[in-house]
Amino acid sequence: MARSPVAAGAPAAESPERPDAGCGRPMRADAKRNRDLLLAAARTAFTERGAEASLEDIARRAGVGVGTLYRHFPTRQDLVEAVYVEEVEALCRSAENAVDASGWDALVRWFDRFVEYVATKRALVDEMVATIGQDAPVFRACHDAIFRAGEPLLARAKAEGSVRPDIEFMDAIRIVSGVTMIRHATPEEIRRVLAVALDGLRYRG
């Protein structure tokens, strides 16, 4: 089965699943702070080192003990999934942050944020697939969430007449995903090529 450019599964679930949601009890402020520090440190470590990132290094980067890491994320898989879901949620939230921009500018800003998501996703997905398989509910849920966030941005740009009417959201996702996979390119080079590629979506009348 071919993987989606967004997540390694087909649409199915309603929203991203949090692997460390526990029983739903409110988290103390210090516990939430530690969890946020661990997720930020893990995001950086996995992006830099991929599967070679160690839990001990992640705890050190977060400034907490390994025991604190295991209290929040009992297994490495729990942490990897939590970082992945957190990235998807941040990407989806960013779709709401450009309400005052034009439809075209809002779409371009969101795809610029999508580049950051793909950089982190690349470091996580292979490890997740090896453990839980590409049809795991977390992938299907994240796929759906991304489409629910991005499709309205494309529809808005189309309604304004700034995007070709024949462009589908999956077309745009494939273009952006392809650009982000360019080897040996700096982030600045990726964004320059992305700007040229996205210009191809514009409606020329």
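The side chain of Asp57 makes a polar contact with the side chain of Arg60 at 2.3 Å. A second polar contact, at 2.8 Å, joins the side chains of Asp57 and Arg61. A polar contact is a pair of N or O atoms within 3.5 Å; within protein, one must be able to donate a hydrogen and the other to accept it, and residues adjacent in sequence count only if both atoms are side-chain atoms. Asp57 is found in helix H2. Asp57 is buried, at 15% relative accessible area. Buried means under 20% relative accessible area, exposed over 50%, and partly exposed in between (1.4 Å probe, protein chains only).

This is a predicted model: local features need pLDDT of at least 70, side-chain atom pairs count only at pLDDT 80 or more, and totals for chains, interfaces and linings use all residues. Residues are numbered from 1 along each chain as its sequence is written, and side-chain values use heavy atoms, with hydrogens and water left out.

**Confidence**

pLDDT is the predictor's confidence in each residue, from 0 to 100. The protein averages 85, and 87% of the residues score at least 70. Among the elements, H2 has the highest mean pLDDT (97) and H5 the lowest (87). Over residues 8-14, pLDDT stays under 50.

**Overall build**

The protein has eight helices and zero strands. Helices (H or I, at least four residues) and strands (E, at least two) are DSSP runs, numbered from the N terminus. Of the 205 residues, 47% are buried. Contact means heavy atoms within 4.5 Å. Of the contacts with a separation of 6 or more, 75% join residues 24 or more positions apart. The protein exposes about 10500 Å², and carbon and sulfur atoms supply 52% of it. These areas come from the Shrake-Rupley method with a 1.4 Å probe; for residues, only the protein chains shown count as cover.

**The core**

A nonpolar core is a set of buried Ala, Val, Leu, Ile, Met, Phe, Trp, Tyr and Cys residues joined through side-chain atoms within 4.5 Å. The largest one holds 62 residues; among those that touch the most other members are Phe46, Trp110, Phe111 and Phe114. Helices that give two or more residues to this core include H1 (29-49), H4 (76-94) and H5 (103-132). H5 gives the largest share, 14 residues.

Which residues does Phe114 contact, leaving aside its neighbours within four places in sequence? They are Leu91, Ile146, Ile173, Val176 and Ser177.

**Aromatic pairs**

A pair of aromatic rings is described by the distance of the centres and the angle of the planes. Rings of Phe, Tyr and Trp (its six-membered ring) pair if their centres lie within 6.5 Å; planes under 30 degrees apart count as stacked, over 60 as edge-to-face and the rest as tilted. The structure holds nine such pairs. Two of them are set out here.

| Pair | Centre to centre | Angle between planes | Type |
|---|---|---|---|
| Phe111 and Phe169 | 6.4 Å | 20 degrees | stacked |
| Phe114 and Tyr117 | 5.3 Å | 55 degrees | tilted |

The Phe111 and Phe169 pair links distant parts of the chain, from helix H5 to helix H7, 58 residues apart. Phe111 is buried at 0% relative accessible area, and Phe169 is buried at 4%. Phe114 and Tyr117 both lie in helix H5, three residues apart, about one turn of the helix. Phe114 is buried at 0% relative accessibility, and Tyr117 is buried at 1%.
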